[in-house]
Amino acid sequence: MTVLLEALPYIREFHGQTVVIKYGGAAMREESLRKGFAEDVVLLKYVGMNPVVVHGGGPEISEYMERLGMEVKFQDGLRVSDAETVEVAKMVLLGKLNSDLVSRLNMAGQAAVGLSGEDGALFEVAPVANAADIGFVGEIEGVDVDVINHIAEDYIPVIASVASDGEGNSYNVNADEAAGKVAAALGAFKAFFLTDVPGWLDDPEDESSLVSETDAATLEAALVGIEGGMKPKLGAALDALKGGVGSVHIIDGRKPHSLLLELFTDSGIGTKVTP
Ligand SMILES: Nc1ncnc2c1ncn2[C@@H]1O[C@H](COP(=O)(O)OP(=O)(O)O)[C@@H](O)[C@H]1O
Ligand SMILES: [Mg+2]
């Protein structure tokens, strides 16, 4: 009861607002978490919010690559992607993860529609600057939100982070980057990044060093020294904030219902980043 009462003012405040949720990694790994995530997103739609999901699938793409005897390599948190890697990434992201998530949202009571960066010409991509080293990794240069807005009128849009250029080359796009750009293009109220740590940590080795609230300037300063998967995530958070998103939240995807806890409780559970 107290939980509901605590949530009430937030439900009122958030009504009609668009939220972009980057889903992936830890929260995708476990059956109970996948189910819980779908229920949370459906609940947001039920209380009148407009949730848009963007997902990656890093661990699962790597798993399939290994099954096929392919070498898995990352550089600065981005997957080194030759043409075959992109092909596998696309198959896993769209054929498996995207359709799984759509099906789960459907089962949870709210119909969803899956799409990639190609659908409705959603993403305009160009090869990243260091494409010579990391291959078919695309940088998003434009987002045409028209298709998202159409779908969101009746369904929950679920976006897989792949895209192709005007010449038919497919590109792997980092899902954090995609989520940040989508949030900015939509002028979202909030953007959430589910990850495998409690949030932004003062000391990356110490999970109890969670920073509950910080701002864009502080994150930008921290970006210099950082490596691995947090780097594209912070970049995406900054993209979103510079693009006018009200706040970015980095939350623990290993924790059941982390999305609802961050949105609808006074204390929240992760890191809130304000412009
Ligand atoms: N200051 C930091 N705070 C939190 N995580 C950090 C920090 N610096 C590096 N990291 C690393 O970033 C990782 C999260 O990014 P990533 O591995 O790409 O996972 P995901 O894409 O699922 O969020 C954490 O597991 C952690 O090891
Ligand atoms: Mg990552």
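**Entry 1: a salt bridge between loops**

I started at Glu207, which counts as partly exposed at 37% relative accessibility. A note to myself before going on: this is a predicted model. Glu207 makes a salt bridge with Arg254, and their closest N and O atoms are 3.0 Å apart. The two sit 47 residues apart, so I checked where: Glu207 is in the loop between β11 and β12 (213-215), and Arg254 is in the loop between β13 (247-252) and α11 (258-264), which makes this a link between distant parts of the chain. Arg254 is partly exposed too, at 34%.

**Entry 2: other salt bridges**

Next I looked up the total, and the whole structure has 13 salt bridges. One of them joins the side chains of Arg29 and Glu63, at 3.0 Å from N to O. Arg29 belongs to helix α2 and Glu63 to helix α4, so this pair ties together parts 34 residues apart in sequence. I have Arg29 down as partly exposed at 43%, and Glu63 as partly exposed at 32%.

Then I went to Glu39 and Lys35, whose side chains meet in a salt bridge at 3.1 Å, N to O. Both are in helix α3 (residues 31-46), four residues apart, or about one turn of the helix. I found Glu39 partly exposed at 34% and Lys35 partly exposed at 46%.

**Entry 3: the largest pocket**

Which residues lie nearest the centre of the largest pocket? I got Lys22, Gly77, Asp176, Gly229 and Lys233, out of 41 lining residues. Lys22, Asp176 and Lys233 turned up again in a network of salt bridges.

**Entry 4**

α10 gives the most, with six. By class, I have seven nonpolar, four polar and six charged residues here.

**Entry 5: two last look-ups**

On the surface I found a nonpolar patch made of Met1, Leu5 and Leu8, with about 360 Å² of accessible area together. Leu8 is in helix α1 (residues 2-14) and is partly exposed at 41%.

Is Tyr171 buried or exposed? It is buried, with a relative accessible area of 5%. I placed Tyr171 in strand β10 (residues 170-172).

Notes: Residues are numbered from 1 along each chain as its sequence is written. Chains are lettered from A and ligands numbered from 1 in the order in which they are written. This is a predicted model: local features need pLDDT of at least 70, side-chain atom pairs count only at pLDDT 80 or more; totals for chains, interfaces and linings use all residues. Side-chain values use heavy atoms; hydrogens and water are left out. Patches are made of residues with over 30% relative accessible area and no salt bridge: like charges are joined within 9 Å, nonpolar side chains (Val, Leu, Ile, Met, Phe, Trp, Tyr) within 5 Å. Accessible areas come from the Shrake-Rupley method with a 1.4 Å probe; for residues, only the protein chains shown count as cover. A salt bridge is a side-chain nitrogen of Lys or Arg within 4 Å of a carboxyl oxygen of Asp or Glu. Buried means under 20% relative accessible area, exposed over 50%, partly exposed in between (1.4 Å probe, protein chains only). On a 1 Å grid over the protein atoms alone, a cavity is a set of points where a 1.4 Å probe fits but cannot get out, and a pocket is an open set with protein on both sides within 12 Å along at least five of seven lines; lining residues have an atom within 4 Å of a point. Ala, Val, Leu, Ile, Met, Phe, Trp, Tyr, Cys and Pro count as nonpolar, Asp, Glu, Lys and Arg as charged, and the others, Gly among them, as polar.
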